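Subject: Handover of a structure

Dear colleague,

Please find below the structure that I am handing over to you. My findings follow after it.

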Amino acid sequence: MKVTVVGAGAVGASCAEYIAIKNFASEVVILDIKEDYAEGKAMDLMQTATLNGFDTKIIGSTNDYNKTANSDIAVITSGIPRKPGMTREELIGINAGIVKDVASKIVEQSPNVTLIVVSNPMDTMTYLAHQVIDLPKHKIIGMGGALDSARFKYRLSEALNCPASDVQGMVIGGHSDKGMVPLTSLATRNSVRVTEFLNEDRLQQVAEDTKVGGATLTKMLGTSAWYAPGAAVSSLVQSIACDQKKMFPCSTLLDGEYGLKDLCIGVPVILGKNGIENIVELNLTEAELNKLKESAEGVKKTNQLLEL
């Protein structure tokens, strides 16, 4: 099992670390355009192998896609964050060029790869990948919902004053502050709906705190988060690599599911050795379905800024 991670920044390196520690991949290749940066991250991580008890081989490379040949799974984290004074159009223009170039080079070396897109705006970058590379649609996945759901469960456990492992919950919709749809009606604590423990006002606060989870951390840290995003990506990779068939909300290309077409947005899917093996259609409340459709309109507007 060979996994490539493009982008050796905080999220990419964290992703590579979690994959290695879980010890299910034989090889992880980290790529970056900055000279010796990926090589340095790989060497640093390899020096933890005896301490963390893993046998995964980690190699770094400065932009040499030949090293990624025959990858089973590839993760794209490369791109730039939005900077002060930068318009959304400028961000999309820059990151679209990067994602298009990276995805094409990966598929050239690994025609059977499963691609996981992390670069922002994630739903739009996932849609772009579908438009510009020749892979079956079940092999192109956007990572967002897994991270948003982890943040949702954290906030629920906080409100319930219970261990996070006691909580189940899911966030669907677009991977943005306004686009997320935390499914409070379906969330449970050890199979009991959280509506039995929390009133509507508290649940609404949990949902709002979840939606601004990334922005909250960016304000506190001065940069984007990396531990939880890296862990979220590694969980998707593991479910595919080990054919676990776990359910995650992921950004996937819809063709009529939930009444939506021709866009990528977060909905629950089953992830196994073939990538997205099934799209799960939930019985949403009317309010939740309306919020999902509103979120989809926002994603479509962002998609219109792409120059395909």
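The paragraphs below go from the whole chain to single elements and residues.

Please note first that this is a predicted model.

**The chain as a whole**

The chain has 308 residues, of which 51% count as buried. Its secondary structure comes to 10 helices and 14 strands. The radius of gyration is 19 Å, close to the 19 Å that the globule rule gives for 308 residues, so the chain is as compact as a globular protein of that length. Along the principal axes, the C-alpha trace spans about 55 × 45 × 40 Å.

Contacts across the sequence were also examined. Of those between residues at least 6 apart in sequence, 68% join residues at least 24 apart. The chain exposes about 14,300 Å², and carbon and sulfur atoms supply 48% of this area.

Strand β4 covers residues 73-76, and both of its faces are covered. On one side lie Ile 73 and Val 75, on the other Ala 74 and Ile 76, and all of these are buried.

β4 pairs with β1 (residues 2-6) in the parallel sense, over 4 bridges. It also pairs with β5 (residues 114-117), again in the parallel sense and over 4 bridges. Ile 76 takes part on both sides: Val 6 stands opposite Ile 76, and Ile 76 stands opposite Val 117 in β5.

The loop between β5 and α5 holds Pro 121. A cis peptide bond joins Asn 120 and Pro 121, with omega at about -5 degrees. Helix α5 itself comprises residues 122-132; 9 of its 11 residues are buried, so the helix is largely enclosed by the rest of the structure. Among the buried residues are Met 122, Met 125, Tyr 127, Leu 128 and His 130.

Ile 92 is buried, with a relative accessible area of 1%. Between Ile 92 and Val 6, which are 86 residues apart in sequence, the C-alpha to C-alpha distance is 18 Å.

**Helix α6 and Phe 152**

Which helix contains Phe 152? This residue is found in α6, which runs over residues 145-160. Phe 152 is buried, and its relative accessible area is 0%. Beyond neighbours within four places in sequence, the contacts of Phe 152 include Gly 169, Met 170, Val 171, Pro 182, Leu 183, Thr 184, Ala 187, Val 206 and Thr 210. By contrast, the C-alpha atoms of Phe 152 and Leu 308, 156 residues apart along the chain, are separated by 34 Å.

**A sheet of three strands**

An open sheet is formed by 3 strands in the order β7-β10-β11, with antiparallel pairing. Its edges are β7 (167-168) and β11 (192-193); each has a single partner strand, so one side of each is left without a neighbour in the sheet. β10 (residues 188-189) pairs with β11 over 2 bridges in the antiparallel sense. Within this pair, Thr 188 stands opposite Arg 193 of β11.

**Two residues with positive phi**

Asp 36, which is not a glycine, has a positive phi, near 70 degrees. Its place is in the loop between β2 (27-32) and α2 (37-46). The other residue is Tyr 258, with a positive phi near 60 degrees, and Tyr 258 is likewise not a glycine. Tyr 258 is found in the loop between β12 (246-255) and β13 (261-272).

Is each of these two residues buried or partly exposed? Asp 36 has 49% relative accessibility and counts as partly exposed, while Tyr 258 has 7% and counts as buried.

With kind regards

Methods:
Residues are numbered from 1 along each chain as its sequence is written. This is a predicted model: local features need pLDDT of at least 70, side-chain atom pairs count only at pLDDT 80 or more; totals for chains, interfaces and linings use all residues. Side-chain values use heavy atoms; hydrogens and water are left out. The radius of gyration is taken over C-alpha atoms; the globule rule is 2.2 Å times the number of residues to the power 0.38. Buried means under 20% relative accessible area, exposed over 50%, partly exposed in between (1.4 Å probe, protein chains only). Contact means heavy atoms within 4.5 Å. Accessible areas come from the Shrake-Rupley method with a 1.4 Å probe; for residues, only the protein chains shown count as cover. Two strands pair if DSSP finds at least two bridges between them.
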